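Here is a friendly note to read alongside the structure. Keep the 3D view open and follow the points one by one.

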Amino acid sequence: MVGSEWARMSDGDLARRAASGSQDAYSELVRRHSKKLLNLAWRMIGSEDAAWDAVQEALLAGWRGISNFRGEAEFYSWIRRILVNAIMGQFRKEGRNEAAMVSLDMPAGSGEAGEPLHVQVEDEGSDPQDVVGRIETAREIGRAVARLPDIYRTVFLLRETELMSYSEIAGVLGIAEGTVKSRLNMARRMLREALGEEVKAARFA
């Protein structure tokens with residue numbers, strides 16, 4: 001099968017082919033999802049090199065375990081769980097509490113509890129000064145998120161950038177939904193305290 005034919009297949013079909021032993025099918029899944037996985041790993045870890053290593057290990061573990069993939073979840077959700085579990089395990093092993101500075105392009109925005117947060121920084125027709133101000137606010141929020149303790153930053157990122165439900169996060173991290181909510185609320189409170197007026201400008205609540 002040529003590459004263009006693989007590219008036309010759904011993730012589900014590719015995963016089933018991969019589960020039957022097709023390395024080409026798995027390679028197409030890697031091509032589709034490695035960038036998203038790297039983005040998440042980078043924001044969680046704070047190091048590009050370490051993020052690459054984590055993603056490569058997760059993808060290798062995914063290939064080793066793909067024969068057990070039954071399709072109950074989407075492939076990306078399945079491989080993301082492997083990645084997050086591996087990173088959290090490494091955090092525990094290292095006894096990490098705080099993260100280093102990460103990307104300044106962290107998505108940012110606002111929402112009530114339970115509502116995913118976003119900041120739109122590109123809006124055709126907007127006042128250029130307003131757009132610049134929103135970009136700067138997003139950078140400030142990105143810096144603050146990067147400084148959250150690992151357990152709070154991870155829940156925040158899974159909710160606000162991965163748009164995962166409370167139950168999904170609880171399943172990935174092996175914690176109760178109530179713990180997810182309390183950690184998310186704590187993360188938001190810490191961000192409000194760190195950002196002050198900047199966070200109000202982003203309508204973060």
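How many helices and how many strands does the chain have? The chain has 10 helices and zero strands. In these terms, helices (H or I, at least four residues) and strands (E, at least two) are DSSP runs, numbered from the N terminus.

1. **What you are looking at.** This is a predicted model, where local features need pLDDT of at least 70 and side-chain atom pairs count only at pLDDT 80 or more, while totals for chains, interfaces and linings use all residues. Residues are numbered from 1 along each chain as its sequence is written, and side-chain values use heavy atoms, with hydrogens and water left out.

2. **The chain as a whole.** Going along the sequence, the pattern reads α-α-α-α-α-α-α-α-α-α. Of the 205 residues in the chain, 40% are buried; buried means under 20% relative accessible area, exposed means over 50%, and partly exposed is in between (1.4 Å probe, protein chains only). The accessible surface comes to about 11,000 Å², and 47% of that belongs to carbon and sulfur atoms. Such areas come from the Shrake-Rupley method with a 1.4 Å probe, and for residues only the protein chains shown count as cover. Contact here means heavy atoms within 4.5 Å. Among contacts between residues at least 6 apart in sequence, 64% join residues at least 24 apart.

3. **Helix α7, an enclosed helix.** Why is α7 described as largely enclosed by the rest of the structure? Nine of its 11 residues are buried, so α7 is largely enclosed. The buried residues of α7 are D150, R153, T154, V155, F156, L157, L158, R159 and E160.

4. **How α7 meets α8.** Two packed helices are described by the angle between their axes and the distance between the axes. Helix α7 (residues 150–160) and helix α8 (residues 166–173) pack at about 135 degrees, with axes 10 Å apart. Axes are lines fitted to C-alpha atoms, for helices over the stretch in contact, and angles run from 0 to 180 degrees between N-to-C directions. That angle makes α7 oblique to α8: under 35 degrees counts as roughly parallel, over 145 as roughly antiparallel, 65 to 115 as roughly perpendicular, and the rest as oblique. From α7, the contact uses T154, V155, L158 and R159, and from α8 it uses Y166, I169 and L173. By class, these residues are five nonpolar, one polar and one charged. For this count, Ala, Val, Leu, Ile, Met, Phe, Trp, Tyr, Cys and Pro are nonpolar, Asp, Glu, Lys and Arg are charged, and the others, Gly among them, are polar.

5. **The loop between α7 and α8.** L163 is found in this loop. Although L163 is not a glycine, its phi is positive, at about 60 degrees. L163 is partly exposed, with a relative accessible area of 44%. S165 has its place in the loop between α7 and α8 too, and S165 is partly exposed at 27%.

6. With helix α9 (residues 177–195), α8 packs at about 105 degrees, with the axes 8 Å apart. That makes α8 roughly perpendicular to α9. Y166, S167, I169 and A170 of α8 make this contact with E177, V180, K181 and L184 of α9. Five of the contact residues are nonpolar, one is polar and two are charged. Helix α5 (residues 75–94) packs against α8 at about 55 degrees, with axes 9 Å apart, and α5 and α8 are therefore oblique to each other. Here R81, V84, N85 and M88 in α5 meet G171, V172 and L173 in α8. This contact has four nonpolar, two polar and one charged residues.

7. Leaving aside neighbours within four places in sequence, V55 is in contact with S34, L37, L38, A41 and L83. Now look for H33 in helix α3 (residues 23–45). H33 is buried at 7% and, not counting residues up to four places away in sequence, touches D11, F75 and Y76.
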